[in-house]
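Biologist: Could you take me through this structure, starting with the overall picture and then the helix packing?

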Amino acid sequence: MNDWQKIMSGSDHRCGCSCFIIPPKVLERFSRDKKLSAEARKAFANAARFDKELRKVREAKAKLTLTAMELLPSLAVTPVAPPSITVYNCNNGVSLPGTLVSNPGSSSDATAKRAFVETRGVAKFYRTLFGRNSIDNAGMGLISSIHFSVKYNNAFWNGSQMTYGDGDGNIFVDFTRADDVVGHELTHGVTQHSLGLSYVNQAGGLNESISDVFGSMFRQWQANQKVNKADWLIGKEIMGPGAITRGFTCLRDMSNPAAAHCLAPQPTKFSQYHNGMDPHESSGIPNFAFYKAAMAIGGKSWLAAGKIWYQALTGFGPSPNMSMKAFANRTRSVAASLFPAKPAVKTAVSNAWTAVGL
Amino acid sequence: MAKLQVERIGGIAGFGGAGSHLRSRGEVELTDLSAAEQQAVDSLFQSQDKPKSSQMRDGFQYRITRNTANGVETIVVPEEAVPATIRGSLKDEII
């Protein structure tokens with residue numbers, strides 16, 4: 001096996017590329033690179049072909065989901081078996097998915113148990129409240145990898161699974177400790193299989209916001225909280241002692257995105273938005289709108305505001321480059337159609353967006 | 001001696017954002033990289049391709065800067081493409 005094949009197979013740990021994602025154009029360029037051996041060029045050509053086929057499968061799966069939603073709306077209320085939930089242990093390496101954890105729900109590893117329990121909770125949240133059958137609404141198995149890398153201060157969704165770091169023990173602790181973080185990551189999967197938002201500019205900010213909105217809503221639902229009792233914080237339970245000592249209580253605060261107690265304060269008005277902003281920054285604007293709408297409506301966030309946001313997310317097919325204004329207007333019209341006898345709901349939603357400049 | 005300046009940005013916590021209190025930075029001597037890693041870094045700088053269709057969300061990105069005879073060059077690449085020695089050079093901090 002030559003160096004490039006080792007990289008492609010993920011066995012070249014010198015290069016640290018064991019979960020390599022190479023853009024298709026680069027794969028194609030390497031496949032034509034005469035400086036590489038014929039064997040290596042063939043490996044890259046095969047990888048490029050495989051990548052293309054994999055993308056077709058993903059697109060077909062997303063299309064099937066949307067078609068099912070259009071043609072078989074009764075599926076939404078048909079009882080379905082819960083999706084399979086598996087947890088893998090990376091053992092501080094970076095190869096995904098890692099080693100399968102048997103019976104994670106009763107594991108002595110608290111991280112494995114939390115990853116399993118919270119993932120099962122998110123699946124139940126979507127099934128119970130919105131009739132959604134897993135991330136893709138077609139029963140997709142839910143895979144989580146834990147103990148990723150060493151003192152890794154992050155959690156992410158890579159297009160097909162969740163991955164959680166342990167935190168460095170100073171700024172952050174284990175990322176599975178926060179149920180809203182688990183809800184946030186899984187919701188990236190829901191967005192991928194519905195509105196299909198990109199990850200740049202306004203659509204990127206919306207994408208992040210939707211994950212915060214449903215992550216926070218999941219947390220409130222688990223606690224059976226009304227909106228006025230919720231803290232609206234994102235990532236409260238992953239704050240480490242070094243962050244808490246300095247007065248930081250969360251990553252973001254949906255009720256006050258610019259607050260000093262946030263590790264990453266955000267803008268609150270659309271007038272502060274500019275292209276190129278990190279999605280985790282621009283998401284403050286739609287986050288604040290959701291908070292304002294939910295608070296004005298009152299009660300439990302998932303009963304009205306949540307239903308409106310979910311329908312705006314999943315009811316219209318993909319719109320990868322959707323603007324914040326277009327999403328705002330969609331929630332206004334969905335509010336009117338879902339709650340025709342309660343005009344105050346539409347007014348609350350509309351006023352919330354207007355307050356943030358949309 | 002040639003060095004790479006590295007900053008890790010993004011992630012669910014929003015490292016390196018304009019208002020963020022989180023920073024993750026490091027510096028690596030090119031000579032500390034293995035031959036394979038140096039080759040990987042060169043490929044990253046030579047490639048203008050971006051993984052536009054990636055479904056990675058909350059993943060880290062790395063802003064890597066180097067000085068060359070042609071001036072300062074900076075690239076932003078996904079974590080998956082970054083050699084281990086560079087990834088290991090970073091220190092996360094609250095500012």
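Modeller: Chain A has 12 helices and 7 strands; helices (H or I, at least four residues) and strands (E, at least two) are DSSP runs, numbered from the N terminus. This is a predicted model, in which local features need pLDDT of at least 70, side-chain atom pairs count only at pLDDT 80 or more, and totals for chains, interfaces and linings use all residues. Residues are numbered from 1 along each chain as its sequence is written, while chains are lettered from A and ligands numbered from 1 in the order in which they are written.

Biologist: What percentage of the residues in chain A is buried?

Modeller: Of the 358 residues in chain A, 50% are buried. A residue is buried if 20 or more other C-beta atoms lie within 10 Å of its own, exposed if 12 or fewer, and partly exposed in between, with C-beta atoms placed from the backbone.

Biologist: At what angle do α5(A) and α6(A) cross?

Modeller: The axes of α5(A), residues 179-192, and α6(A), residues 201-222, cross at roughly 130° and come within 7 Å. Axes are lines fitted to C-alpha atoms, for helices over the stretch in contact, and angles run from 0 to 180 degrees between N-to-C directions. The two helices are therefore oblique to each other: angles under 35 degrees count as roughly parallel, over 145 as roughly antiparallel, 65 to 115 as roughly perpendicular and the rest as oblique.

Biologist: Which classes of residue make that contact of α5(A) with α6(A)?

Modeller: Residues including H184(A) and H188(A) in α5(A) meet residues including F214(A) and R219(A) in α6(A); contact requires C-beta atoms, placed from the backbone, within 7 Å. By class, the contact of α5(A) with α6(A) has 4 nonpolar, 10 polar and 4 charged residues. Here Ala, Val, Leu, Ile, Met, Phe, Trp, Tyr, Cys and Pro count as nonpolar, Asp, Glu, Lys and Arg as charged, and the others, Gly among them, as polar.

Biologist: How many residues of α5(A) are buried?

Modeller: The count is 14 of the 14 residues, so α5(A) is largely enclosed by the rest of the structure.

Biologist: And how far apart are the axes of α4(A) and α5(A)?

Modeller: The axes of α4(A), residues 110-130, and α5(A) are 9 Å apart, at an angle of about 60°. That makes α4(A) oblique to α5(A). The contact involves E118(A), T119(A), G121(A) and V122(A) of α4(A) with D179(A), V182(A), G183(A) and L186(A) of α5(A).

Biologist: What covers the buried residues of α4(A)?

Modeller: The cover includes β1, β3, β5, α5 and α6 of chain A. Among the buried residues of α4(A) are F116(A), F125(A) and Y126(A).

Biologist: Changing topic, which residues are joined by a cis peptide bond?

Modeller: L96(A) and P97(A) are joined by one, with omega about 5°. P97(A) lies in the loop between β1 and β2 of chain A.

Biologist: Where is N137(A), and what is its phi?

Modeller: N137(A) lies in the loop between α4 and β3 of chain A. Its phi is positive, about 60°, although N137(A) is not a glycine. N137(A) is buried, with 25 other C-beta atoms within 10 Å.

Biologist: Is K151(A) buried or partly exposed?

Modeller: K151(A) counts as partly exposed, with 14 C-beta neighbours inside 10 Å. Phi of K151(A) is also positive, near 50°.

Methods:
Two residues are in contact if their C-beta atoms, placed from the backbone, lie within 7 Å.
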